[in-house]
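Me: Hi! I have a new model open and would like to talk through what is inside it. Could you help me go over it?

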Amino acid sequence: MKFLFFPNGWVLAHPSRMIEVARIVRSRGHEVIFAGEHEDPRSYLSMCREEGFSTTQCMEFDWPYFWDRHLKYGPIVSAWDLLNHQKFAPLDGILEEQIRLTEREKPDAVVCDGTFTMSTAGYITGTPVIGIMNGHFAHFYDRKSFFRPFLELWDRIHLNPSLACRFLS
């Protein structure tokens, strides 16, 4: 089988935990390709190449742009940038590249970690999507969690495939 991995290459935790999963997948005889930005020296996607995995270019959030502005202008501008994300996170462009790459590579499944648009790209291309999540956040879904009703509402309204189809058509 062929697996296409989409980490958030700018944050060490995402590619590092995906490498651990990819090692097991590869040890079972499957092909693994990592996709993301890898031209910037601050990207951790280079770790994937160092582990012997193939990598291919795919647009990601431009975290260096966001981080540089945060350091230069502070948290108020950072909050503004998050609300007006098109400069560092052009979601339409990222989604289009993920779709194009998935259609080109024709993987049996895609694996994502911190890649917000990948579930939509998988849905559009008909490719199964496997999401890796940091176990630290599991407490937000605990039965007694204040956040659980909000997460369930988010799931029903935003992540429901039948509702997503209405917005995509």
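**Inside the model**

Reply: Happy to. The structure holds one cavity of 30 Å³ or more, and bear in mind that this is a predicted model.

Me: How much space lies in the largest cavity?

Reply: The largest cavity has about 140 Å³ of space.

Me: Which residues are the closest to its centre?

Reply: Pro7, Glu60, Phe61, Gly114 and Thr115 are the closest to the centre, out of 16 residues that line the largest cavity.

Me: And which elements give two or more residues to the lining?

Reply: Those elements are strand E1 (2-7), strand E2 (31-36) and helix H5 (91-105).

Me: How do the lining residues divide into nonpolar, polar and charged?

Reply: The lining of the largest cavity has nine nonpolar residues, six polar ones and one charged one.

Me: Let's move to the packing. In the largest nonpolar core, which residues touch the most other members?

Reply: That would be Phe5, Val32, Phe34 and Phe53, in a core of 14 residues. At least two residues each come from E1, helix H1 (13-27), E2 and strand E4 (109-113).

Me: Which of them gives the most to this core?

Reply: H1 does, with four residues.

Me: Take Val32, then. What is Val32 in contact with, leaving aside its neighbours within four places in sequence?

Reply: With those neighbours left aside, Val32 is in contact with Phe3, Phe5, Ala22, Val25, Arg26, Phe53 and Ser54. Another core lies apart from the largest one; it has 12 residues, including Ile33, Ala35, Cys58 and Leu95.

Me: Is Cys48 buried or exposed?

Reply: Cys48 is buried, as its relative accessible area is 0%. Cys58 counts as buried too, at 1% relative accessibility.

Me: Okay, on to the loops. Where does Lys106 lie?

Reply: Lys106 is in the loop between H5 and E4. Its relative accessible area is 63%, so Lys106 is exposed.

Me: What is phi of Lys106 near?

Reply: Phi of Lys106 is near 50°, which is a positive value in a residue other than glycine. Most residues other than glycine have a negative phi.

Me: Next one: where is the place of Thr127?

Reply: Thr127 is in the loop between helix H6 (118-125) and strand E5 (129-131). With a relative accessibility of 11%, Thr127 counts as buried, because the cut-off for buried is under 20%.

Me: What is Thr127 in contact with, again leaving aside its neighbours within four places in sequence?

Reply: Thr127 is in contact with Thr102, Pro107, Asp108, Ala109, Val110 and Gly122.

Me: And His85, where does that one lie?

Reply: His85 lies in the loop between H4 and H5, and at 23% relative accessibility His85 counts as partly exposed. Leaving aside neighbours within four places in sequence, His85 is in contact with Pro90 and Leu91.

Me: Last one: which helix is Val77 found in?

Reply: Val77 is found in helix H4 (residues 75-83). Val77 counts as partly exposed, at 23% relative accessibility. Its C-alpha atom is separated by 9.5 Å from that of Phe66, 11 residues apart along the chain.

Terms used. Residues numbered from 1 in each chain as written. Predicted model: local features only at pLDDT ≥ 70, side-chain atom pairs only at ≥ 80, totals over all residues. Heavy atoms only, no water. 1 Å grid on protein atoms, 1.4 Å probe; cavity = no way out; pocket = protein on both sides within 12 Å on 5 of 7 lines; lining within 4 Å. Points joined across faces, edges and corners; volume = space filled by probe spheres on them. Nonpolar A, V, L, I, M, F, W, Y, C, P; charged D, E, K, R; others polar. Core = buried A, V, L, I, M, F, W, Y, C linked by side-chain atoms within 4.5 Å. Buried < 20%, exposed > 50% of the residue type's maximum accessible area, 1.4 Å probe, protein only. Contact = heavy atoms within 4.5 Å.
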